[in-house]
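Have the sequence at hand as you read.

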Amino acid sequence: MELNGAEIIVQSLQKEGVDHIFGYPGGAVLHIYDALEAQDEILHVLVRHEQGAAHAADGYARASGKPGVVLVTSGPGITNAVTGIATAFMDSIPMVVISGQVPSPLIGNDAFQEVDAVGITRSCVKHNFLIKDINDITSVIKKAFHIATTGRPGPVLIDIPKDVTIARIKEPKFPEKVHMRSYNPQVIAGANSIEKAVSLITTAKQPIIYSGGGTVIGNAHNELREFVNILGFPITQTLMGLGAFPATNELSLGMLGMHGTYEANMAMHDSDCVIAVGARFDDRVTAALDKFCPNAKIIHMDIDPSSISKNVPVDVAIVGDVKQTLQELNKALKGKTTFDISPWWKQINDWRKVDSLAYKKKAGVIKPQTVIEALYEVTNGKAIVTSDVGQHQMWAAQYYQFDEPRLWINSGGLGTMGFGLPAAMGAKLARPDLDVACVTGEGSIQMMLQELSTMLQYHTPVKIVNLNNRYLGMVRQWQEFFYEKRYAMSYMDALPDFVKLAQSYGHEGILIEKESDLMPGLKEAFAMKDKTVFLDILTDQTENVFPMIPSGAGHNEMLLGGRDEMKSTNDEGLNLV
Amino acid sequence: MRHIISVLLENEFGALSRVAGLFSARGFNIESLTVAPTNDPTLSRMTIVSMGDDAIIEQIIKQTNKLVDVVKVSDLTAEKHIERELLLLKVSVEPSNQADIDRIIDEHGCKIVDVSENTYTIELAGQGAHVDSLIEEFEKSDVSNILEVARTGVTGVSQG
């Protein structure tokens, strides 16, 4: 049978098991849209802005574990999507982006809606392709999905000139398998490194497991739980790793890093054996590198060899798939005796008594922390929670106790404001069985508001929890601490009436100004199963995120809210973000 | 320290810019870069000379290896190796300095590959340091003026 390029693209996507595409049409992709319209296996979600398409596909991928798929046109279509692609890249999210391109003969001529998509995206994709020949479509799409989902996952872009979608060939061949001599990620860890790790683990007196997003992306939560339970060691998780190990388990010390708990950071600092599982020693986690874990031997499990010893030199590197690595380790550790670490636990429990997440309530003011605690209660800790970026993101991570993986969805690496709402929409499409909440602020939500329209069209009921403090809170917090309270451009004046705004998009809106209205408001919102509800919650304007490791300080130099005076940081610290 | 990184990669559209882009995006230094297809026309050999301490060179090798088009990366300077660079040097010639130029050419074992009324174009293939010393000799002496320098950058293979 003779097919055109567009039909071959759509059939290739069907063969990859794609059920949702997030996209926006335009001149260069009209043939592909024509082919999509002629089938009903794949649901196309028409977003209102291409950045929203990439974030929605990203949220879909994080919630489902399947690759997200994006379709955009050439020029502004792909440039708008770049922020969403970079967001997925920084958090290692599998995604395939198809962008239209001007017809081959016009490439390089500054044609209408032409940009060098492959050039622009090169540094924020795992790999990209420009298809010049219709005969390459099937193999390139096969390779793109393979690259996006294996090794350390990431976004892959396929740029397709319009003439390639129009050309026709007879009997296209759809490959079953991929072979690439230049791409073979190491999956099986070396036995030697496993042995070395076991010997460090069994002789550790003050061990800590530091687990990251790799355990979620790598679907290794069961193996991680077994690992922690075999050892009985304390575990702390990064912002990206929350939920892989249950937050409510007594072995969990909570999150570590800049806004991590006191016990997690102190335990990292005093540990003699840090076991990093699918984590990358990011600067939000390590704090000052010269003060990082001064007495620890470090074991690092990662699928990406370039993560090993990038920021922190390690003693044992285990390169491989984290799930398989943990299986090997669990096998090797069974029956082995470890040190009695009860003195270490006693020390940790003393640190716990500091109760670093305690906060003071104020009469007449809704504390943002209280909102997250109420959200946790109303949803029984079982909702998917997406967030935007800023103070609300940290509070959600600190006060919502994630007991399962893929419930907590946020932009940790790139820190993209505007991520939360489209990601919530994508997550709801992936998991219609779960409640989805988007924790946001009045700054972030305004960066992707237009997707409220998409959410009505595709019936994706999400509860938007807007912590509205009329400030760009994290910016304001840093200005308070480090810029002598000069609040340059951090106040958000002229805010819309969010309730009316939500209503005008066909959704529900609830304004909450008093703490006594908080629980009833949340309950009412979640009772409206089929509705997107915008909860505009006026919160304390000047609350800060604590505890905090100021820039340039070490894990043992945390500041606790209401107890420590904020010392102004040194010049070196100010240089850091 | 100076390192010579040898990269075997798919001879595909954009492969060179992926490697060059990686170096600029991550702030790695490139002293020279050469690239050409191998005997297998689907593969290219790229040779990069870079400066950096051990940690930086380790990152360069790992990050380059991570590129999907890259088949193999090795640090030639970690083992015994041969390195060569080609220089084409154009200098001014007058009857008064011709003998001196001939002497330098002789001493450095290079060839004259083009002659005009008042210029010589000199060819030298050798190690980077050898190429440097020839250029230096012309720069320091009053024998002749350098009109143009074109050098290829280093390429290399491991020994044995």
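Domain bounds here come from an automatic or database domain assignment. For chain B, that assignment gives domain 1 (2-79) and domain 2 (82-158). Taken over C-alpha atoms, the centres of domain 1 of chain B and domain 2 of chain B lie 28 Å apart. Nine residues from domain 1 of chain B and eight from domain 2 of chain B take part in the contact (heavy atoms within 4.5 Å).

A quick word on the ground rules: this is a predicted model, where local features need pLDDT of at least 70, side-chain atom pairs count only at pLDDT 80 or more, and totals for chains, interfaces and linings use all residues. Residues are numbered from 1 along each chain as its sequence is written, chains are lettered from A and ligands numbered from 1 in the order in which they are written, and side-chain values use heavy atoms, with hydrogens and water left out.

So what do the two domains bury between them? Domain 1 of chain B and domain 2 of chain B bury about 600 Å², with 56% of it on carbon and sulfur atoms. Buried area is the accessible area (1.4 Å probe) lost by two parts on being put together, summed over both.

Now for the pairings. The rule finds one salt bridge across this interface (a side-chain nitrogen of Lys or Arg within 4 Å of a carboxyl oxygen of Asp or Glu). The side chains of Arg2(B) and Glu83(B) meet in a salt bridge, at 3.0 Å from N to O.
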